[in-house]
Amino acid sequence: MIISVENLVKKYGDYTALDGLNFTVEHGDIFGFLGPNGAGKTTTIRILTAIIKADSGNVLIEGHNVFKEPLEVKKITNAFPESNGYYEWMTAREYLGFFANLYGEKTSKQDIYELLEVVGLHGKEEHLIRSFSRGMKQRLGIVRALVNKPKLLFLDEPTNGLDPKGRRDIHDLLINLNRKHGTTIFLSTHLLDDVERLCNRIAIINYGKIVRAGELDRMKGKGTIEDIFFLSTKEGTL
Amino acid sequence: MKTAYIMQKEIRESILTPKGFLWYIITSMILSALSYLFLTNSELSLLDQGQMLYRIMNFITALGVLMGLVFGADAFAGEIERGTLEALFLSPVDKGEIALGKLGAVLTNWGIIFAISLPYLFVVGKGEQNLLIGIAYLAILGTFLAIIFSAFSMGLSARIKSMKNSLIISFFVFLLAGAPIFLSAAQRRTWFGRILDFINPFAGAINTFDNVVIDSQGFSYQAGRVAIICGYLLLSLWFLKRSVSRLEM
Amino acid sequence: MIFLTIIAYYTSASAASRIAASINPPFIQANMGDKITYVGTITNNSDRAVNNIIAYISLANVTPGKEAPLDLEDWSANKAIKVDTILPRGTYEGQWPMRLIDSGSYVAYITVVDKNDNTPLSSDMSHLEIKRILRLNPNNVLPVAIGEPVALGMAFMFVAFRRRKWVK
């Protein structure tokens with residue numbers, strides 16, 4: 001397995017964000033991570049990507065302990081966070097080049113061009129990011145998350161704000177990454193259509209605990225994905 | 001190496017920009033006005049050369065400290081508010097390396113201010129016997145002060161996570177540090193003035209400039225003050241390290 | 001009573017005639033920023049030594065409309081001299097170097113104080129005329145004062161031009 005989470009606990013003062021979280025993700029999964037607002041999805045991703053520490057529990061990413069070897073984990077993973085800001089004074093090429101350097105990746109102009117082409121931003125290399133639309137910035141952010149060719153890619157609401165064509169392009173990109181390159185994808189989203197189209201396994205989190213997990217096809221046998229979600233989370237607020 | 005990339009990005013973001021350059025043009029214009037005033041105005045021009053040099057050195061140091069505080073306040077809080085810090089934390093770069101890169105950019109800014117001020121120092125201090133030694137002390141102590149105040153401001157920025165609040169506190173610290181300038185010679189001789197002078201690294205630096213440039217005193221007289229400044233240097237770097245290591249999104 | 005009055009008068013007269021002070025040169029014409037030196041001569045006209053004399057220089061601004069005593073802080077570092085002993089019929093010469101800070105008409109004089117006397121003694125006044133000179137480019141400041149902001153301005157334009165990217 002590529003991710004192993006055991007008894008993960010995270011508290012913010014008196015508030016318990018994660019209350020003994022347990023789940024695993026296998027190599028090659030497109031893993032859907034669902035839950036209502038405030039369930040603990042973003043906190044989970046931040047712990048798995050070694051941005052924040054947990055109060056207790058164990059997390060292994062490709063055999064590396066996230067708390068003891070954060071830099072090793074960061075070398076093989078990457079993420080597109082929900083609130084991704086950009087260095088708007090940079091061009092797209094400068095932005096990707098900067099992050100590539102931080103990952104120790106040598107990228108030529110051709111490499112950058114190909115990366116941008118993947119998300120339909122070819123021809124925009126020398127444009128300032130401040131001139132990009134929201135959707136274009138989103139796509140650039142996803143490309144940034146691919147700059148180190150990660151084994152494990154975390155995506156937090158990657159298709160928010162995209163038009164239907166944009167969403168479809170991202171779906172195709174993720175499927176391609178997964179099938180052609182074997183990238184494991186950890187997808188946190190509210191959009192159940194995205195989950196249905198992309199994911200083979202899901203976990204549903206509520207009040208900091210996994211309430212449902214397993215293969216999507218098997219779970220769908222018992223109802224639609226909406227039914228599964230609302231039943232699992234009871235309130236079912238999105 | 002990654003520190004260098006961070007530093008390069010910071011320099012390009014803050015210094016090698018039209019806005020960044022505007023700061024330097026304004027600095028240069030103020031120094032031009034000061035130098036011209038000192039050298040041509042009827043009463044000011046007849047100040048002792050050493051006095052003129054000393055006053056310009058104080059202004060340059062104060063400017064370096066102020067810009068260090070402003071840059072420092074933006075270092076982490078600004079990135080959090082702009083939403084860019086998370087992507088930086090996702091990359092395999094140690095938080096200490098990020099802090100070092102940002103500190104490097106602040107020092108680069110100080111280096112530019114120092115380089116801009118050199119021609120003015122040479123013109124105002126022309127013929128003054130302590131010109132070169134004064135410039136050497138300005139280079140060293142000015143650098144130390146730039147590190148002290150910007151490291152402190154960056155640490156504050158990492159802890160408070162609000163650029164507005166860390167700027168306010170940084171300005172307050174700047175006023176406290178600059179208090180010796182506002183006190184008269186008599187007030188500085190009171191117990192309060194003496195304590196302020198003793199514990200204040202900025203006061204330590206300007207008193208050193210006074211002793212070296214105006215009174216021609218050697219290093220042995222400055223050793224105590226320089227030691228205190230070095231102590232603050234270590235303290236501020238420790239504060240920055242602690243603050244950044246605890247920083248979480 | 002008459003006897004005491006005579007004695008008192010004699011003492012004052014003795015003080016007045018015992019020490020004499022003079023200042024040289026009697027007239028100076030100079031420019032702002034110049035350095036000059038006054039020489040004050042204190043003469044002991046008596047048959048006894050005089051001890052612990054204090055002599056100091058004073059300046060007064062007599063420029064029409066600006067008459068006022070002058071604070072010599074920036075002009076001179078050593079305004080007062082203490083003389084331990086002047087031998088009988090001896091003289092003492094003191095020097096008062098000065099930097100001429102401001103233009104105008106001034107008078108300078110030396111005052112001598114002997115604590116054994118009631119009356120301080122002043123020399124005649126020396127007249128001092130200081131001319132204001134206009135210095136447009138002292139220390140060659142202008143090339144730097146004008147040149148550096150211009151150079152930085154050009155660098156600013158270069159940076160701004162280089163960073164101009166094609167924006168949609």
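Predicted model: local features only at pLDDT ≥ 70, side-chain atom pairs only at ≥ 80, totals over all residues.

Residues are numbered from 1 along each chain as its sequence is written, while chains are lettered from A and ligands numbered from 1 in the order in which they are written.

I looked up B:S28 and found it in helix α2 (residues 18-40) of chain B, where helices (H or I, at least four residues) and strands (E, at least two) are DSSP runs numbered from the N terminus. B:S28 counts as buried because it has 24 C-beta neighbours inside 10 Å; the cut-off for buried is 20 or more other C-beta atoms within 10 Å of its own, with C-beta atoms placed from the backbone.

Leaving aside neighbours within four places in sequence, I found B:S28 in contact (C-beta atoms, placed from the backbone, within 7 Å) with B:I116, C:E148, C:P149 and C:L152.

I then turned to the contact between the two chains, which takes 22 residues from chain B and 21 residues from chain C. On the side of chain C that touches chain B, helix α2 (residues 141-162) of chain C gives the most, with 11 residues.

Last, I read chain C as a whole: its secondary structure comes to 2 helices and 10 strands, and of its 168 residues 21% count as buried.

Terms used
Buried ≥ 20, exposed ≤ 12 C-beta atoms within 10 Å, placed from the backbone.
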